[in-house]
Amino acid sequence: MNCFKMDCLLTLWYKFYLNVVGATYIFKEQIWDRHRKPSVPANCEGTNIVITGGSRGIGLEAVKKLLNLKCRIIVGCRSVDQAAKALNAKEYNEQLTILPLDLMKLSSVRSFAEQVKSTGIPIHCLINNAGIMFGPRKETEDGFECQLATNHIGHFLLSHLLFNNLEAAGTAEKPARIVNVSSIAHYLGSWMDFQDLHATKRYSPEQAYGNSKAAQVMFSQYLDSMQASKVPRVRVLALHPGVVKTDLYTHVWWVKLFDWFAWLTMKTAPQGGDTLVHAALAPELAQAVVTNKYLENSRLQRTSDFTASLENQRKLWEASCQMLNIQEFGKE
Ligand SMILES: NC(=O)c1ccc[n+]([C@@H]2O[C@H](COP(=O)([O-])OP(=O)(O)OC[C@H]3O[C@@H](n4cnc5c(N)ncnc54)[C@H](OP(=O)(O)O)[C@@H]3O)[C@@H](O)[C@H]2O)c1
């Protein structure tokens with residue numbers, strides 16, 4: 001079989017696989033694993049949270065909920081004006097800061113981290129939420145495939161740059177947290193090619209998304225396990241927020257065509273936001289064992305065998321450090 005036919009078959013397989021997984025989860029989330037409310041304290045005053053992508057979708061809803069719980073929030077987003085409008089920023093004064101961040105540009109991630117640090121406030125939680133899904137293959141100015149760059153590499157760099165601050169804010173009883181908003185699509189990352197992480201040889205939008213989400217799971221598990229040798233002051237969690245009706249599905253034809261059906265069957269953005277609030281604040285997660293696990297509907301569940309493999313986690317970790325020229329994570 002020639003290479004062209006092989007590429008077409010693989011692309012179709014990834015599409016089919018992701019649609020089957022997505023449909024199974026829509027069914028699961030609507031029938032036997034219905035939405036669970038976050039179990040968090042009613043007043044979280046004194047907790048400072050940094051979140052990426054709080055201007056739309058799940059992130060926006062999570063920020064609204066966290067503000068209501070009295071957390072202080074720093075939002076990183078591409079359009080400060082859009083976020084300020086969506087969040088009614090004038091109402092919150094000191095409680096809300098919105099700063100420019102474009103995860104597709106390493107220079108922007110660095111400048112965002114600097115601005116966060118210059119606020120001088122302790123950082124108790126970093127929520128790596130912003131993300132993109134599918135679309136044609138594009139490269140960032142730094143030469144990275146854009147889904148991997150936005151969903152994983154930008155967040156890996158941000159976590160590295162803020163890690164010292166998180167460690168300083170965390171305690172043994174109440175460690176700081178990094179929450180990576182991954183997806184059930186991480187199962188599709190099981191075909192990740194470590195030799196071609198930027199998909200230069202063959203590009204399937206579905207697989208590139210799956211790779212980026214698998215990378216977030218592996219990053220979370222590896223970094224969390226690295227803390228296990230000492231008393232951890234930072235815990236690292238990954239989660240799937242549900243199959244949620246947001247703008248993320250811009251490139252999914254059936255959601256565009258059958259909007260009413262998607263509205264009927266998918267979770268709402270506020271429900272998705274609840275899963276981020278739970279991961280950021282639920283007290284029981286402070287000491288939870290998260291090896292090979294992530295949160296689905298706010299409960300710890302096993303992740304794919306591929307992402308649970310320590311060998312795969314190590315390979316991804318080393319590749320990420322190499323791409324970003326990081327000698328020692330958390331130290332600049
Ligand atoms: N919706 C679902 O069913 C679902 C399922 C599993 C996982 N997730 C994950 O949940 C997260 C949030 O998704 P969503 O459904 O809320 O999607 P969404 O409504 O499309 O929102 C995506 C957010 O990410 C931001 N963003 C995108 N590219 C960015 C960049 N280069 N730099 C900074 N911010 C950027 C967007 O900001 P702009 O306004 O500037 O574009 C927006 O705030 C994503 O990581 C997604 O993979 C979603």
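**Rings, ligand shell and fold**

Biologist: Is Phe261 buried, partly exposed or exposed?
Modeller: The model is predicted. Phe261 has a relative accessible area of 38%. Buried needs under 20% and exposed over 50%. Therefore Phe261 counts as partly exposed.

Biologist: And Trp260, buried or exposed?
Modeller: The relative accessibility of Trp260 is 55%. The cut-off for exposed is over 50%. Trp260 therefore counts as exposed.

Biologist: How many helices and strands does the chain have?
Modeller: Helices come to 11. The strand count is eight.
Modeller: The chain holds 332 residues.

Biologist: What does the C-alpha trace span along its principal axes?
Modeller: The spans are taken along the principal axes of the chain. They come to about 60 × 50 × 40 Å.

Biologist: What share of the residues is buried?
Modeller: Buried means under 20% relative accessible area. Of the 332 residues in the chain, the buried share is 56%.

Biologist: How many aromatic pairs are there?
Modeller: Two rings pair if their centres lie within 6.5 Å. By this rule the number of aromatic pairs is 18.

Biologist: Are the rings of Phe156 and Trp317 stacked or edge-to-face?
Modeller: Their centres are 5.1 Å apart. Their planes stand at 65°. Planes over 60 degrees apart count as edge-to-face. The pair is therefore edge-to-face.

Biologist: Which helices does that pair link?
Modeller: Phe156 and Trp317 are 161 residues apart, in distant parts of the chain. Both residues are buried. Phe156 sits in helix H5 (residues 146-169), and Trp317 in helix H11 (residues 310-324).

Biologist: Are the rings of Trp260 and Phe261 stacked or edge-to-face?
Modeller: The ring centres of Trp260 and Phe261 are 5.8 Å apart. The planes meet at 75°. So this pair is edge-to-face.

Biologist: Which residues do ring pairs link into a cluster with Phe156 and Trp317?
Modeller: The cluster is held in ring pairs. Besides Phe156 and Trp317, its members are Phe163, Phe219, Tyr222 and Phe329.

Biologist: What is the phi of Phe134?
Modeller: Phe134 lies in the loop between strand S4 (125-128) and H5. Phe134 is buried, at 12% relative accessibility. Most residues other than glycine have a negative phi. Phe134 has a positive one, near 65°.

Biologist: And what is the phi of Asn325?
Modeller: Asn325 is in the segment after H11. Its relative accessible area is 60%, so Asn325 is exposed. Asn325 is not a glycine, yet its phi is positive, about 55°.

Biologist: Which residues are closest to the ligand?
Modeller: The ligand is surrounded by 30 residues. The closest are Arg56, Tyr209, Val244, Thr246 and Tyr249.

Biologist: How far is a polar backbone atom of Val244 from an oxygen atom of the ligand?
Modeller: Backbone N or O atoms of other residues also face ligand oxygen atoms: Gly53 at 3.4 Å and Leu248 at 3.3 Å. For Val244 the distance is 2.7 Å.

Biologist: How much of the ligand does the protein bury?
Modeller: Taken alone, the ligand exposes 890 Å². Of that, the protein buries 97%.

Biologist: Which elements give two or more residues to the shell around the ligand?
Modeller: By class, the shell has 13 nonpolar, 12 polar and five charged residues. The elements that give two or more are helix H2 (57-68) and helix H6 (205-227).

Biologist: Which backbone oxygen does the side chain of Thr275 reach?
Modeller: Thr275 is in helix H9 (residues 269-281). Thr275 is buried, with a relative accessible area of 3%. At 2.6 Å, its side chain reaches the backbone oxygen of Gly272.

Biologist: How far apart in space are Cys71 and Leu10?
Modeller: Cys71 lies in the loop between H2 and strand S2 (72-77). Its relative accessible area is 0%, so Cys71 is buried. Cys71 and Leu10 are 61 residues apart in sequence. C-alpha to C-alpha, the distance is 45 Å.

Notes
Residues are numbered from 1 along each chain as its sequence is written. This is a predicted model: local features need pLDDT of at least 70, side-chain atom pairs count only at pLDDT 80 or more; totals for chains, interfaces and linings use all residues. Side-chain values use heavy atoms; hydrogens and water are left out. Rings of Phe, Tyr and Trp (its six-membered ring) pair if their centres lie within 6.5 Å; planes under 30 degrees apart count as stacked, over 60 as edge-to-face and the rest as tilted. Helices (H or I, at least four residues) and strands (E, at least two) are DSSP runs, numbered from the N terminus. Buried means under 20% relative accessible area, exposed over 50%, partly exposed in between (1.4 Å probe, protein chains only). A residue is near a molecule or strand if one of its heavy atoms lies within 4 Å of it. A polar contact is a pair of N or O atoms within 3.5 Å; within protein, one must be able to donate a hydrogen and the other to accept it, and residues adjacent in sequence count only if both atoms are side-chain atoms. Accessible areas come from the Shrake-Rupley method with a 1.4 Å probe; for residues, only the protein chains shown count as cover. Ala, Val, Leu, Ile, Met, Phe, Trp, Tyr, Cys and Pro count as nonpolar, Asp, Glu, Lys and Arg as charged, and the others, Gly among them, as polar. The radius of gyration is taken over C-alpha atoms; the globule rule is 2.2 Å times the number of residues to the power 0.38.
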